[in-house]
Amino acid sequence: MKTTDDIIKMVDITKIYDSLDVKTVALSDIDLVVKRGDFIAITGRSGSGKSTLMHIIGLLDNPTSGKYVLNGTDVSKLAEDELAFQRNKEIGFVFQQFNLLPRSTAVENVILPAIYAGVGSKERTEKAVELLTELGLEDHLNKKPNQMSGGQQQRVTIARALMNDPELILADEPTGNLDIKSGDDVMKTLKALNKEGKTIVLITHEHDIAAQAKKIWHLEDGRLINKP
Amino acid sequence: MNFSELLILSWKAIVINKLRSFLTTLGVIIGVFSIILLVSIGSGLQGYITKEISSLGPNIIDVLPGNSLATAFGPGSSNKLILQDARNLKTRLISTAEVSPISETATNAKYKNILDKNIYVIGTTSNYPKTVISMKLAQGIFFTLGQEQSGSKVTVIGYTMYTKFFDKERAIGKKIFLGNQTYTVVGVAEKTGITLGVDHDNVAYVPIVVMHSQFGIDSITEIAVNANSESLVPVVKKQIKDTLLKRLTTDDFSIQTGDTLATTISNITNMLSLALGGIAAISLLVGGIGVANIMLVSVTERTKEIGLRKALGAKRSDILKQFLLEAVILSIGGGIIGIIFGLAASFTLSKFFVSQVTLWSVLLAFCFSAAVGIVFGMAPAIRASKLSPIEALRYE
């Protein structure tokens, strides 16, 4: 276990997209700290820099400048493969589009992060079955995504996010593609996970969804408006 | 990710698109199939010729005009070998070898109302059966020294001629026309068979002096020498060389033993095998391009999958290996199928034509198909591994 209680610590994070002659400042001077056990919602209109921030938090992109410490490791300047390693270990992703492999079963989808972590075949399958069962999908273990409802698919995604037991769950518009009932279920699941000690960062543009988090941060034109 | 997991992953991707995978491998299958089959034919040809040569006997030495096999058979070579050279050799080699000069020409033959316009007349001496041991008589005798020296018009005919003109009736003592002269048949040679389209039995052996005066020939096509024992072969070769050099230069003749002849011919057939294999390799190359093409399509189609795998922790090398292995499985799979079909075709062909499967062609075809997979799978795999996870996830 790491000693730090700051799961995310960002100092002066800036992201500038440099195309031929246009410089677009996507994020400027972002300072934020997410404590262990936090449940943060980041809101903002489209174009506010939400996605960029989510990519940087999720180690899918490097910041142009600034310092980012994730669970005690400085990840600001890591190379591509080291970022992949950190993502795999520290972060569970829940995407708006689910991003499940269409031709693979629920179990096969859930074990993906464990495959890249080098977990043995038997162990990871057991874990996947256990996670899917906890999420009420015990009858859907060998179903493919197109044989499941949106809500069920999103629960598979959550199971996948939990596979490597990361500290941080990063949910990008997790209810965006779901009906209200399924969306509520997903939010309940996230809240339950938060109770169990997972740190959750939720990106959304829906206020009633954001309202369910412990804290709400608002992004506008690449700046955090109401800093914690 | 360990190898067996990668293997399963790549295999699944291949079987999901069964038809496409099969069509992709078809190029490789045809390429490998052609390599195996064509090289088998080349080797079969070589084996056949080598066997034919060795059947002449280990002590056979051939003296040919010109300084190499190629010029001897090639057009426009000036032939300086004459009957006197053979006589000189016969005198010199009296205690070490049998010597027979051989002259060949084509002419027509006629008996009663049967005409064949393309008979090979072989002029030689009476000791020919002793020199060329494969010559055996089915009927009668070979012409004698006495007949040869008296200039008698006598002939020993080949088996094809015999069946054609005499319909298996008694031929000995009959008179037939060779060109414009009549010859008395004294013997019928045993059947030797057809090799590569040439009928060795449609021939008539006549005394060389008679033949030379009838057809106005003075050079000879070959001097056949049969050493009395295998150990004498080097001595005889030297004696031949010394004797001939008294009158001729080294450019005017060449001495071929069964060994050197086999080497020369196997060089030629090796070249043939390589050329055939090379042509087949081009089709394998085309097959490789097919693999590359499909892999590129596959990478584009699965951009989102690649992005997802990367987001979930796949390293560049994981993605690279996954796609490369897929290409290699496709091409090796095609290679194995091609080998199976190639072997089957070669074995079938060997029943009615020369064909001999060689291990090296199978190994080469296999390695080549694997190499095709690696070479042509590399570019698509690199492209896949370089995709940014964000871009790839966004891709629709």
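A residue counts as buried if 20 or more other C-beta atoms, placed from the backbone, lie within 10 Å of its own, as exposed if 12 or fewer do, and as partly exposed in between. By this criterion, 43% of the 396 residues of chain B are buried, and 48% of the 228 residues of chain A. The structure is a predicted model, in which local features need pLDDT of at least 70 and side-chain atom pairs count only at pLDDT 80 or more, while totals for chains, interfaces and linings use all residues. Residues are numbered from 1 along each chain as its sequence is written, and chains are lettered from A and ligands numbered from 1 in the order in which they are written.

**Chain composition**

- Chain A has eight helices and 10 strands, whereas chain B has 14 helices and 12 strands; helices (H or I, at least four residues) and strands (E, at least two) are DSSP runs, numbered from the N terminus.
- In chain B, 83% of the contacts between residues at least 6 apart in sequence join residues at least 24 apart, a contact being a pair of residues whose C-beta atoms, placed from the backbone, lie within 7 Å.
- In chain A, residues 24 or more positions apart account for 71% of the contacts with a separation of 6 or more.

**Sheets of chain A**

- Strand 6 and strand 7 (residues 168-172) of chain A pair in the parallel sense over four bridges, and A:Gly92 stands opposite A:Ile169 in strand 7 of chain A.
- An open sheet of four strands in chain A has the order 2-1-4-5 with antiparallel pairing; strand 2 (23-35) and strand 5 (73-74) of chain A form its edges.
- Strand 1 (residues 6-18) of chain A runs antiparallel to strand 2 of chain A, and nine bridges join them; A:Lys15 stands opposite A:Leu27 in strand 2 of chain A.

**Helix 6 of chain A**

- Helix 6 of chain A is mostly covered, with 11 of its 13 residues buried; among them are A:Arg155, A:Ile158 and A:Leu162.
- The cover of these buried residues includes strand 6, strand 7, helix 3 (106-110), helix 4 (112-117), helix 5 (121-134) and helix 7 (180-195) of chain A.

**Helix 13 of chain B**

- The 28 residues of helix 13 (residues 359-386) of chain B should span 40 Å at 1.5 Å a residue, and its end C-alpha atoms are 40 Å apart, which agrees; the expected span is 1.5 Å times one less than the number of residues.
- A kink of about 40° lies at B:Met378 in helix 13 of chain B, shortly before the proline B:Pro380; the bend is the angle between axes fitted to the seven residues ending at a residue and the seven starting there.

**Interface**

- 17 residues of chain B are in contact with 18 residues of chain A.
- On the side of chain B that touches chain A, helix 11 of chain B gives the largest share, five residues.

Definitions and conventions. Two residues are in contact if their C-beta atoms, placed from the backbone, lie within 7 Å. Two strands pair if DSSP finds at least two bridges between them.
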